[in-house]
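Trainee: I would like a close look at one helix in this model. Please take me through its faces and its contacts, then move on to related pairs.

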Amino acid sequence: MDDSKASQYSTITSWYRAGGGSPVCGSALVVHGLNNRPEMMEPVIRLLNGLGYDALLVSLRGHRGSEGELAAAAAADWLGDIAAGFNR
């Protein structure tokens, strides 16, 4: 992927930290389904946080509200988004 496309369709990720002062059990990488938007994963993130896990939500290209972005996204882009989240 060339640099202009990478900057135009940057990966959006957000950390959701486990609270309550208890030790963190670990971290989870959360990826929404191809027919879903990232906010659909909120119940999963709340469950993970409640169990003591930090969660990193990865928003796949084309699932952030822009139809043009979805049309330009390919499976390789989604795999790259997931890998970028994993390596973060």
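Mentor: Start with the buried residues of α4: Asp77, Trp78, Asp81 and Gly85. Viewed down the helix axis, these buried residues fall within an arc of 100°, so they line one face of α4. Ala76, Leu79 and Phe86 are on the other side of α4, and they are exposed. Keep in mind that this is a predicted model.

Now check the length of α4. The helix covers residues 75-86, which is 12 residues.

Go back to the buried face and take Asp81. Its relative accessible area is 0%, under the 20% cut-off, so aspartate 81 counts as buried. What does the side chain of aspartate 81 meet in a salt bridge? The partner is arginine 61, with 2.5 Å from N to O. Arginine 61 sits in the loop between β3 and α3 (67-72), whereas aspartate 81 belongs to helix α4, so the pair ties together parts 20 residues apart in sequence. Arginine 61 has 7% relative accessibility and therefore counts as buried too. In general, side chains of opposite charge can pair when their charged atoms come close.

Another of them joins arginine 17 to aspartate 54, with the closest N and O atoms 3.1 Å apart. Arginine 17 lies in the loop between β1 (12-16) and β2 (26-31), and aspartate 54 lies in strand β3, so this pair ties together parts 37 residues apart in sequence. Aspartate 54 is buried, at 8%.

Arginine 46 and glutamate 42 also form a salt bridge, and their closest N and O atoms are 3.8 Å apart. Both residues sit in helix α2, 4 residues apart, which means a separation of about one helical turn. Arginine 46 is exposed, at 54% relative accessible area. Glutamate 42 is partly exposed, at 41%.

One last surface feature deserves a look. Leu47, Leu51 and Tyr53 form a nonpolar patch, and together they have about 300 Å² of accessible area. Leucine 51 is in the loop between α2 (42-50) and β3 (53-59). Its relative accessibility is 52%, so leucine 51 counts as exposed.

Key:
Residues are numbered from 1 along each chain as its sequence is written. This is a predicted model: local features need pLDDT of at least 70, side-chain atom pairs count only at pLDDT 80 or more; totals for chains, interfaces and linings use all residues. Side-chain values use heavy atoms; hydrogens and water are left out. Helices (H or I, at least four residues) and strands (E, at least two) are DSSP runs, numbered from the N terminus. The expected span of a helix is 1.5 Å times one less than its number of residues. Buried means under 20% relative accessible area, exposed over 50%, partly exposed in between (1.4 Å probe, protein chains only). The arc is that of the directions from the helix axis to the C-beta atoms. Patches are made of residues with over 30% relative accessible area and no salt bridge: like charges are joined within 9 Å, nonpolar side chains (Val, Leu, Ile, Met, Phe, Trp, Tyr) within 5 Å. Accessible areas come from the Shrake-Rupley method with a 1.4 Å probe; for residues, only the protein chains shown count as cover. A salt bridge is a side-chain nitrogen of Lys or Arg within 4 Å of a carboxyl oxygen of Asp or Glu.
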